[in-house]
Amino acid sequence: MTALVRAELLKLRTVKLPLWLLVTALALVLLGVAATVLTAGLEGAPLRRDDPQLMARAVANASGGNVVVLILGIMVLTQEFRFGTATPSFLVTPKRGRVLVAKLIAIALVGAVFAIISAAVAVVAGALLIPFKDGVVNYDEQVLQVLLGAILVMVLYGPIGIAVGALIRNQIAAVVGALAFTFLAEQLLIALLPSWGKWTPGGASSAVLQLGDLATTRGDLLPVWGGALLLVAYAVVLSAIAARLTLRRDLT
Amino acid sequence: MTTTLVFDALTKRFGDTAAVEGLTATVHPGRVTGFLGPNGAGKTTTLRMLLGLVRPTSGTATFDGRRYDELSAPVREVGTLLEATGFHPGRSARNHLRILSTAAGLPPGRPDQVLELVGLTPEARRKVGDYSLGMRQRLGLAAALLGDPPVLVLDEPANGLDPQGIRWLRSFLRSLAAEGRTVLVSSHVLPEIEQTADDVLVVAKGRLVRSGTLAELQAEGRGGTTVRTPDGERLAQALADAGLVAHGLGSDELVVQASPAAVGELAARHGIVLHRLAETAGGLEDVFLSLTGQVQA
């Protein structure tokens with residue numbers, strides 16, 4: 001399995017896409033931190049400038065690239081079918097479930113790398129921007145917890161992407177579907193029916209990030225551990241369904 | 001180490017249509033076996049079933065009794081070249097092979113060795129997207145050789161190769177078989193097979209219509225007669241009644257295993273008009289056409 005995971009990581013290192021997606025993820029992190037900090041204290045904004053939680057709120061944006069990692073996961077799987085590399089992959093490893101597991105592990109590792117860089121960027125951006133707004137930078141335990149939560153979210157969104165890609169297989173349909181779900185369907189559900197919305201991947205992420213009242217569920221969230229478990233469950237259950245349904249299909 | 005391939009009643013149906021039907025054959029080590037048939041005859045589906053990519057409806061295809069997915073180290077046991085499309089266009093040839101080599105747990109030097117073997121070393125670091133079809137084919141062959149396997153399964157390997165490339169491939173396949181490897185090569189281009197293969201399997205419409213040594217099949221092509229008539233059905237019947245073997249090449253043309261004199265006299269006795277009566281040049285092509293054409297009578 002180590003050899004297979006190394007091969008999957010090599011696949012990712014020998015194309016340009018992951019690098020572009022990392023740049024996109026970091027841009028989203030910076031935008032998120034800037035939006036959180038610069039709107040603090042404005043009329044109608046949920047946070048005050050001197051809010052002791054301002055830094056924790058700002059670094060929660062370290063997970064801003066979660067959709068990017070989700071898309072990377074989708075691409076990792078759907079490209080194998082689009083370019084026909086699934087054939088050599090399954091010729092080397094005829095037990096297809098092993099290829100899937102190697103991909104899940106590899107994307108989780110890449111998600112962790114994205115997350116750690118994102119976390120560093122979020123902390124630096126927060127620490128620079130908050131004093132500029134005369135806010136308070138508090139390096140308390142919550143900041144650390146939120147950063148760990150952001151890393152967890154980033155680690156788990158990749159495997160969810162792999163599973164979505166395996167289930168849908170058509171690259172464009174999978175990417176567009178994932179974006180439509182994350183930015184439209186999920187947001188609507190969370191805003192209109194918070195008690196349901198908290199069970200979506202987005203709702204679970206908000207719980208892990210301890211967004212509390214700031215979440216669009218207006219505070220109706222699972223506990224931190226509950227959100228974490230729910231995200232793990234999404235990755236595991238979707239992957240298992242993909243392994244049973246779509247991966248066994250004939251490759252003609 | 002040698003390996004024998006066995007197809008046993010291999011069948012694949014897509015809905016109501018049978019792509020491959022009851023294919024039974026043996027492929028021996030130390031020989032190049034040509035897997036012949038027109039496009040759409042079921043060659044690729046058969047090979048994909050052999051390699052565990054397509055699940056057979058029934059029957060088996062095995063390597064010394066083991067299915068492909070039961071092999072402990074597939075890349076070291078079977079080298080495969082399927083169509084030339086399995087590459088990410090943005091990746092270099094060397095990186096493509098490094099990925100396969102890593103996944104298969106082969107020594108790190110293997111990719112460069114096989115690139116040298118197929119003559120791609122100067123282009124090894126170029127993106128595969130910039131490769132010509134012939135270069136991709138060589139890269140596919142390099143991938144097949146990564147694990148130095150005793151079995152090679154190659155689907156239309158000469159596709160896209162230039163004449164020198166085809167000559168190179170031919171001698172390369174011969175040398176692989178001479179080393180005791182089992183070489184199965186599919187093709188719809190006859191001359192390739194005629195100059196390379198020891199044994200031949202001919203498929204048409206998903207069924208194995210003939211298997212044997214190349215020499216046997218070529219011998220069958222001699223002494224034949226091609227005959228054209230507006231009355232194909234009656235002639236076929238008359239030939240069958242006379243105990244002569246005939247195959248249709250369309251609605252009005254037949255290939256008969258008899259001399260032109262014998263066919264002409266028979267037609268005259270039955271009052272059947274002939275538009276053409278010619279001794280066939282012989283060779284595999286006639287046999288191939290008669291085997292894969294519409295069989296009448």
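Q: How many Å separate the centres of domain 1 and domain 2 of chain B?
A: Keep in mind that this is a predicted model. The domain assignment puts domain 1 of chain B at 5-215 and domain 2 at 221-292. Taken over C-alpha atoms, the separation of the two centres comes to 37 Å.

Q: How many residues does each domain of chain B give to the contact, and how does the domain 1 side divide into nonpolar, polar and charged?
A: Domain 1 of chain B puts in ten residues and domain 2 of chain B puts in five. On the domain 1 side, helix H7 (190-194), E8 and E9 of chain B each supply at least two residues. That side of domain 1 of chain B, where it touches domain 2, divides into seven nonpolar, one polar and two charged.

Q: Is B:Ser58 buried or exposed?
A: You'll find B:Ser58 in strand E4 (residues 58-63) of chain B. B:Ser58 has 11 of them, so it counts as exposed.

Q: Which residues is B:Ser58 in contact with, leaving aside neighbours within four places in sequence?
A: B:Asp112 is 54 residues away from B:Ser58 in sequence, and their C-alpha atoms are 40 Å apart. Contact here takes C-beta atoms within 7 Å. With its neighbours within four places left aside, B:Ser58 is in contact with B:Ala9 and B:Thr11.

Q: At what angle do helices H4 and H7 of chain A pack, and what is the handedness of their crossing?
A: Two numbers describe a packed helix pair: the angle between the axes and the distance between them. For H4 (residues 66-82) and H7 (residues 141-168) of chain A, the axes are 7 Å apart and the angle is about 35°. The crossing of H4(A) and H7(A) is right-handed.

Q: How many nonpolar, polar and charged residues are in the contact of H4(A) with H7(A)?
A: From H4(A) come residues including A:Val69, A:Leu70 and A:Gly73, and those they meet in H7(A) include A:Met154, A:Tyr157 and A:Gly161. The contact of H4(A) with H7(A) divides into 15 nonpolar, six polar and no charged.

Methods. Residues numbered from 1 in each chain as written. Chains lettered and ligands numbered in written order. Predicted model: local features only at pLDDT ≥ 70, side-chain atom pairs only at ≥ 80, totals over all residues. Helix = DSSP H or I, 4+ residues; strand = E, 2+ residues; numbered from the N terminus. Buried ≥ 20, exposed ≤ 12 C-beta atoms within 10 Å, placed from the backbone. Contact = placed C-beta atoms within 7 Å. Axes fitted to C-alpha atoms, helices over the stretch in contact; angles between N-to-C directions. Left-handed = near helix turned anticlockwise from the far one by under 90°. Nonpolar A, V, L, I, M, F, W, Y, C, P; charged D, E, K, R; others polar. Domains from an automatic or database assignment.
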